[in-house]
Amino acid sequence: MGTVNQENVRNFSIIAHIDHGKSTLADRLLEFTGTISEREMEEQLLDTMDLERERGITIKAQAVRMSYQADDGEEYILNLIDTPGHVDFSYEVSRSLAACEGALLVIDAAQGIEAQTLANIYMALENDLELIPVINKIDLPNANPDKVKEELIDIGIDPDEAILTSAIEGIGIKDVLEAVVDRVPLPSGEEDEPLKALIFDSLYDPYRGVISYYRVVDGVIKPGMEIKMMATDTVFEVGEVGTFSPQMKKAEQLSTGEVGYVAASIKDVKNAQVGDTITDANNPTAKPLPGYQPAKPMVFCGLYPVDGKDYDLLRDALEKLQLNDASLTFEAETSEALGFGYRTGFLGLLHMEIIQERLEREYDLDLVTTAPSVIYKVHHENGEVLKVENPANMPDKHQIEKIEEPIVEAQLLLPEEYVGAAMELAQDKRGQFKNMEYLDQVRVKLTYDLPLSEIVLDFFDKLKSNTRGYATFDYEFKGYQEADLVKLNILVNKESVDALSCIVHRDFAYEIGRELTKKLKENIPEQMFKVPVQAAIGNDIIARQTIRAKRKDVLQKCYGGDVSRKKKLLKKQKEGKKRMKQVGSVDIPQEAFMSVLEID
Amino acid sequence: MNKFALYIHIPFCSFKCYYCDFNSVKFKESLVEQFLQALQQEIKLIANKYTPVIRSIFIGGGTPSILSGKQLVRILNQCEQEFDCQSEIEITVEANPETVTAQKLKLLKKGGVNRLSFGVQSFDDQLLKKLGRRHTVQEVIAAFNLAREIGFSNLNFDLMFALPDQSLTDWEKTLVQACQLGPEHLATYNLKIEEGTVFAQQLQQGKIDYCEQELDLAMYQKTLQLLAEEGYQQYEISNFARQGAESVHNQIYWKNEPYLALGPGAHFCDGWGRGYNLAEIEQYCQQLEEDQLPWADHQKLSRLEKIEETMILGLRLKEGISLIEFKEKYQTSVFDLYQKELDDLLVQGLIKFKADRMSLTEQGLLLANQVLANFILS
């Protein structure tokens, strides 16, 4: 492959709400440009993980390079950078967008613009991207492109620029490609300047080490060259560079404006983090590209193997996942109740669920997960400020001067009629009302400051149910704020179970204590003896339930013909028991450790 | 080596009781002859395959006593002809009180039957009706007296508790009346509502309710206490007998010793593995007409499966398991196999060791499932 004419390169991404047809449109673009034949086409090529397909979301960024012969007769290189589709990954989205000059804004012709999309639109506009509105699914019987166009006006986009498509039917695909060529600005940047490339994703390949995806902003990158990662100040020798077609394809070099990958025997994704700048180690640029943020987990939970023997397996699995995911953190911790495990940090709740699910599915681990928690700043009376991410580690209440908790600014978009319900919920969750704004006649944007700890529990589920699924919700970290928080201890059979303790606002402590003990009573099966379940603040018991003893459990009848059947029952009983964690002399099922999430 | 107990399943009933999920069809004279011929064929095939020495015979059902005395005796005669039956073996026939006649009992007695097991269930006519039973308390008493007159000296009553709307007092009355008659053996079961039964349907419709655990427990404890006072010894979780009247046949099951089984859907354990017959009576007959054993399944048991079965069956017996016999049979000690489990169970007071035997404690008996689940290996 020879050198590429910078003027004929276009870098763009696709912004869309889940289900609005992003992946299908991407597939059609690949087909139309002959990047991939229909035969090779696996449905929704860009989402490669099973989980991504099942959940209909993209977790990792992906990139693909297409060649397109435009109507002007010129051959163009179009780099499509796919972005993760969830609020937990908004930083990754911002870096992907920063690697582009333009973006397709795909809107479902029947559903219109959704809140999550709005956040990405603002992000795109912040990154100075040229937005090309694409109204998709126009083949649907309830498609209403005119209404979508009105919505475009509301957010300041010229509706006349919108392209009408049906990705499923293959309508309007060429128009989209022509618009990318015509409207997306060609990449700026100087080939003669020292190398400056923006990493927008990194993944781990067991054979080649870390593979980083980047956009060359200035200069050239080629094999043999020594490169430096500016955030970590580490130097590597480039083994291979190339582009995505969509499989990796070796190239002699990548120059200004191009998108590709580099393999440089990097052992750890931490040395090639999203947002970092790659430069020439021997001729470095003076300043890295703006916007880099080290990955910062926001939500924490304890992960414990049900079977203590799996502890090493769990560590190996976490290490492997971390190779691909610099935002995943973990640290060994011990729980009196659960034994050895890891306090694991995630970007958000979805990220947490995905990791848990991958551990259980791909690594076949049986895990006990504690309820998610956030990082509290605890001001100790001795002047120290402790960061407490595990409620079990909260110091004694007499030693605490004050506790600060993380606050997020949350934006809720919803139809007018649900404003009351949403406000009530936000208030219940200790939200501070900030603003209310009508986006059009019927849609309202509410802004609240909310404690992150309330969100990590069940805010989103409740919001969905209180607004019959109409509300969407996005948040970003705002800062720390003092709050009157207490640690709620849970005692099972008179023993404090550290893994069940949680930090709650004093005003809600009694109610939560009552509800939590009730849920635990439901979730813990009868034992051979009576088991009291208590909630306490310090030494004060504030709620109590009693799990009654199992008094009789016997198959009264068992003769010749019954043996196999009865054995099956006993087997089931044994399996059930194996999936429980023995705490003291009480068997507690995995689910019970998440009981706090079930409180209404 | 080729010693077996023998179970024969008679798959006919005049009416299906509301709690019953056993394999049975409505009694039809025309079907009976076909069945008896098939059964005769099965006896021959089994004799050829195993050349067994028979240690006990149990004719169950269904309702075996729905057959005529002649028909039942015919089955026994064929067994005696084809099998090597040890002398003086226990031969039990299950009987429903309403099907008992003097003539039938006389024939059975003459035919070698020395034990009758009566499906009594309750001494409360109202409860009998709710169970779908077709007999009254009076008929129970009459059948019992008749059996005594004809000279049966080994009788069993099956009784049920934890029935819908049954009070502790109701159950106590049933026990007291049973003891007044004084059979040699009593088997007491709590009701378990099985899928596909009328009770399961009624449960779903909210017409009946499960018995509360506490009441079920109280009834069971009452049983233990009252029967002990009346001189019955508990020898298995649900079985009680006068000294020496323990059922030979059933103990073979619990000691995990081999037994053969004839009749549709009957289960057997031949020492090599477990198996069972085709349950559909037509299929069963057809297979035998073609000179084939009517087996639906026959699978080898691994060593570990045999061990776990020895444990979960043997511990049902009050005397428990002989550690020496276990070691001789499996060339390993229970302590090697179940060290942690045994430690835990001992601490919890659910099992005990005495001399060479390991058994359930009283508490362990009540929570037998919790204990037995620990011994599952496979």
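Strand β17 (residues 299–305) of chain A pairs with β20 of chain A in the antiparallel sense over 3 bridges; two strands count as paired if DSSP finds at least two bridges between them. Within β20(A), A:V368 is the bridge partner of A:Y304. Helices (H or I, at least four residues) and strands (E, at least two) are DSSP runs, numbered from the N terminus.

The model is predicted: local features need pLDDT of at least 70, side-chain atom pairs count only at pLDDT 80 or more, and totals for chains, interfaces and linings use all residues. Residues are numbered from 1 along each chain as its sequence is written, while chains are lettered from A and ligands numbered from 1 in the order in which they are written.

In chain A, 4 strands form an open antiparallel sheet in the order β18-β19-β17-β20. Strands β18 (329–335) and β20 (367–369) of chain A each have a single partner strand, so one side of each is left without a neighbour in the sheet. From one strand to the next, the twist averages 30 degrees. Helix α8 (residues 349–362) of chain A lies across β17, β19 (339–346) and β20 of chain A.

Two helix arrangements are listed below. Axes are lines fitted to C-alpha atoms, for helices over the stretch in contact, and angles run from 0 to 180 degrees between N-to-C directions.

| Pair | Angle |
|---|---|
| α8(A) and β20(A) | about 165 degrees |
| α12(A) and α11(B) | roughly 95 degrees |

The axes of α12 (residues 563–578) of chain A and α11 (residues 303–314) of chain B come within 11 Å. Here A:V563, A:K567 and A:L570 meet B:E309, B:I312 and B:L313, contact being C-beta atoms, placed from the backbone, within 7 Å.

Methods. Contact = placed C-beta atoms within 7 Å.
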